[in-house]
Amino acid sequence: MHDKFSRKNFLRLGTGAALATALGSASTAWAGAGTPGPDTGPGWGHVGDILRNTRPPRFRPRDFLITAFGAIADGTTDATDAIAKAIDACHRSGGGRVVVPPGTFSTGAIHLQSNVNLHVSDGATLLFSTDPAQYLPVVLTRFEGAECMNYSPLIYARDCENIAVTGTGTLDGGATWDDWWSWVGPSSPDAQALQQMAEDGVPVKDRVFGAGHFLRAAFIETQSCRNVLIEDVTILRSPFWGIHPVLSRNITVRGVHIDSRGPNNDGIDPESSQYVVIRDCVLDCGDDCIAIKSGRGADGLRVNVPSENILIENCTLNIRYGAITIGSEMTGGVRNVFVRNCTVGSPNLYFGLYIKTNSVRGGYAENIYLDNLQISNLTKEVVSCNFYRSEGDTGPLTPRVRNVELRNITVGHARNAFSMFGYPRSPIQDFRLIDCTFTSIDDVSEIQDVDMSFRNFTVNGQKITDPAQLL
């Protein structure tokens, strides 16, 4: 049974009546779903609450070496069963560390259990198979914001508490253009079919993909888990997104290096999750570095759980699309996101802050705070938030973006400062720049239906007091 951390119980673990009111009913009409509450934002003082409620799990001082269960470090012998046996023994004994010693171990899907820390030692590599059959049977997952039964993520947990993936070793997904990454084209019909199933209300248990289909799985995914730590590991060559907490609470990701530059290779994607701390990470990704999500379209409305109370600090965000992204699967809403003391930029990074929504995706982004970011180079805009992107204004959901603050942001070079388009019926509200310096901006901004204010903001040496100066 998978009911310990059901959606009902997940909400019970949240912030009480205020959260329940904001989430509303699962039967909320499309036009009104995701409307934020009347508050004007908690400010940086809310970070204390995030830190108090985000604590890494602790484990019993007991080790279970996978080699004791039959794993062989020759890079070819399948260690999947040995790892599963070690995890099961650790869990049944009350928890501890399942240790991957130095060497290269070949494996398929790894499923964690409560109170288990999968520890990848220095000099150890878990080399994951690229054979899709190694990731069956199908499990409950999300693909681009819609729930389905699909190939297992490489490391997966469902309805668990107190779990971790730690150590200074390497997790190598093995993905190349000869296997997982080649699915980017063939996946389109399956992705469209899944979205249609969601719109038609097909039960999740009947949305079965996996064998014969082309929906890639994430590298590490937690489904409805609590108290999660991912620390110090290096992640290479993911089939799809890197770290994907879904409907999970109390998530710490720290000291992780992700170097995975395939298609849609986002780095860290908290989705419909609460109390998340991401710190001291280095991200070189084929897509967005950190992308905060909350479901898409009909499924986003049905599940209707936001991502909220997220702190990102002391990270280096290099490649490729958005450094900090909200969306595009954000129908359930995103709020209370704090980003500070990060180094951003490279010749291959597009955007600093990238908010992706429109009337098809809907949702809200509110209370977004960025402070003390050093941005060296961007190939596109410092901030991109265009309600007309992708599908344009063709859907029944009205997105809302409000209370966004950039403070102490230094930009060396970017093509544009802003590309921001709200809707006349839903302008981008209360977008503030305070003590920011953009040194070398090549071209004018595009701004429409945006409420902006400036205090001590300069672009190319000119003090900006009016948006018209940027056009």
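1. One aromatic cluster is formed by Tyr 135, Tyr 151, Trp 180, Trp 183 and Phe 214. Aromatic pairing here concerns the rings of Phe, Tyr and Trp (the six-membered ring of Trp) with centres within 6.5 Å; planes under 30 degrees apart count as stacked, over 60 as edge-to-face and the rest as tilted.

2. Basis of the note. The model is predicted, so local features need pLDDT of at least 70 and side-chain atom pairs count only at pLDDT 80 or more, whereas totals for chains, interfaces and linings use all residues. Residues are numbered from 1 along each chain as its sequence is written, and side-chain values use heavy atoms, with hydrogens and water left out.

3. Aromatic pairs. The whole structure holds 22 aromatic pairs. One of them joins Tyr 135 and Trp 180 edge-to-face, with 5.8 Å from centre to centre and 65° between the planes. This pair links distant parts of the chain, 45 residues apart: Tyr 135 lies in the loop between β6 (124-128) and β7 (139-143), and Trp 180 in the loop between β11 (170-172) and α5 (187-199). Helices (H or I, at least four residues) and strands (E, at least two) are DSSP runs, numbered from the N terminus. Tyr 135 is buried at a relative accessible area of 1%, and Trp 180 is buried at 3%. Buried means under 20% relative accessible area, exposed over 50%, and partly exposed in between, for a 1.4 Å probe and protein chains only.

4. A stacked pair. The ring centres of Phe 240 and Trp 241 are 5.0 Å apart and their planes lie at 15°, so this pair is stacked. Phe 240 counts as buried at 2% relative accessibility, and Trp 241 is buried with a relative accessible area of 4%.

5. Nonpolar cores. Such a core is a set of buried Ala, Val, Leu, Ile, Met, Phe, Trp, Tyr and Cys residues joined through side-chain atoms within 4.5 Å. The largest has 107 residues, of which Leu 171, Phe 418 and Phe 438 touch the most other members. Neighbours within four places in sequence aside, the contacts of Phe 438 include Val 382, Ile 409, Phe 418, Leu 433 and Phe 457; contact means heavy atoms within 4.5 Å. A second, separate core of 10 residues has Trp 241 among its members, along with Ala 146, Ala 191 and Leu 194. In soluble globular proteins, nonpolar side chains tend to be buried together.

6. Which strand is largely enclosed by the rest of the structure? Strand β24 (residues 349-356) is, because 8 of its 8 residues are buried. Strand β22 (residues 316-327) pairs with β24 in the parallel sense over 6 bridges, and Ile 326 has Ile 355 as its bridge partner in β24. Strand β26 (residues 381-386) also pairs with β24 in the parallel sense, over 3 bridges. There, Leu 353 stands opposite Val 383 in β26. Two strands count as paired if DSSP finds at least two bridges between them.

7. Ser 384. This residue is found in strand β26 and counts as buried at 7% relative accessibility. Beyond residues up to four places away in sequence, Ser 384 touches Phe 351, Leu 353, Tyr 354, Ile 355 and Ser 419.

8. The four-stranded sheet. An open sheet of 4 strands runs in the order β4-β9-β12-β15, with parallel pairing. The edges are β4 (110-111) and β15 (243-246); each has a single partner strand, so one side of each is left without a neighbour in the sheet. Strand β12 (residues 220-223) pairs with β15 over 4 bridges in the parallel sense, and the bridge partner of Gln 223 in β15 is Val 246.

9. Helix α4. The 13 residues of α4 should span 18 Å at 1.5 Å a residue, which agrees with the 18 Å between its end C-alpha atoms; the expected span is 1.5 Å times one less than the number of residues. Its buried residues are Thr 80, Ala 82, Ile 83, Ala 86, Ile 87, Ala 89 and Cys 90. The buried residues of α4 pack against β1, β2 (96-100), β3 (103-107), β4, β5 (116-120) and β6. Just after α4, Gly 94 takes a positive phi of about 105°.

10. Thr 67. This residue lies in the loop between β1 (63-65) and α4 (80-92). Thr 67 is partly exposed, with a relative accessible area of 35%. Not counting residues up to four places away in sequence, Thr 67 touches Pro 101 and Phe 105.
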